Amino acid sequence: MLQIISHPEMHVSAATATGTLTAEDYAQKILPDLRMRLGLYPKVSRYFHMDGFTGWTPGALWDDITFGLAHARDFRKIALVGDAKWGTALVPLLGPFTSATVKFFPKAEKEEAWLWVGTSTVAHP
């Protein structure tokens with residue numbers, strides 16, 4: 001399940017994921033949110049909090065990969081929050097496929113991640 005959450009900085013797409021993400025989560029929640037923000041800002045940032053997260057269905061993984069590759073230069077920062085297993089797996093995996101600064105934060109540092117991902121020099125429209 002995925003829940004889009006509001007971040008005070010409009011260039012930040014923020015979400016909390018629990019369980020397994022599906023293609024419907026991407027089609028109905030993640031992608032519309034990212035497209036809206038990319039329509040307003042030349043670069044956006046992502047806050048992704050994994051709480052009891054178990055992974056992606058094949059369709060969701062495909063959607064994530066294809067969107068990420070198409071917009072590899074459109075992300076400024078990506079904050080991943082969750083269990084250490086996700087940090088050690090995802091940060092090295094994302095690095096070659098994005099120009100964003102990708103940083104992992106343990107759950108205990110979620111507030112730091114929230115602040116970090118929102119700081120930038122993005123001009124507001």
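An axis is a line fitted to C-alpha atoms, for helices over the stretch in contact, and an angle runs from 0 to 180 degrees between N-to-C directions. The model examined here is predicted.

**Exercise 1.** Determine how helix α1 is placed relative to α2.

*Solution.* 
Step 1. The axes of α1 (residues 23-40) and α2 come within 9 Å and cross at roughly 20°.
Step 2. Angles under 35 degrees count as roughly parallel. The two helices, α1 and α2, are therefore roughly parallel to each other.
Step 3. The crossing of α1 and α2 is right-handed.
Step 4. On α1, the contact is made by A23, Y26, L31, L34, R35 and L38, and on α2 by G59, A60, D63, D64 and F67. Of these contact residues, 7 are nonpolar, 1 is polar and 3 are charged.

**Exercise 2.** State the strand order of the sheet and identify which strands stand at the edges.

*Solution.* 
Step 1. The open sheet has 5 strands in the order β1-β2-β3-β4-β5, with mixed pairing.
Step 2. β1 (2-5) and β5 (101-106) each have a single partner strand, so one side of each is left without a neighbour in the sheet; these are the edge strands.
Step 3. From one strand to the next, the twist averages 20°.

**Exercise 3.** Describe the pairing of β3 with β4, and the helix α3 that packs on the sheet.

*Solution.* 
Step 1. β3 (residues 44-56) and β4 (residues 75-82) pair in the parallel sense over 5 bridges.
Step 2. The bridge partner of Y47 is A79 in β4.
Step 3. Helix α3 (residues 84-94) touches β3, β4 and β5, and its direction makes about 130° with that of β3.

Key
Residues are numbered from 1 along each chain as its sequence is written. This is a predicted model: local features need pLDDT of at least 70, side-chain atom pairs count only at pLDDT 80 or more; totals for chains, interfaces and linings use all residues. Side-chain values use heavy atoms; hydrogens and water are left out. Two strands pair if DSSP finds at least two bridges between them. Helices (H or I, at least four residues) and strands (E, at least two) are DSSP runs, numbered from the N terminus. Contact means heavy atoms within 4.5 Å. Angles under 35 degrees count as roughly parallel, over 145 as roughly antiparallel, 65 to 115 as roughly perpendicular and the rest as oblique. A crossing is left-handed if the near helix is turned anticlockwise from the far one by less than a right angle, and right-handed if clockwise. Ala, Val, Leu, Ile, Met, Phe, Trp, Tyr, Cys and Pro count as nonpolar, Asp, Glu, Lys and Arg as charged, and the others, Gly among them, as polar.
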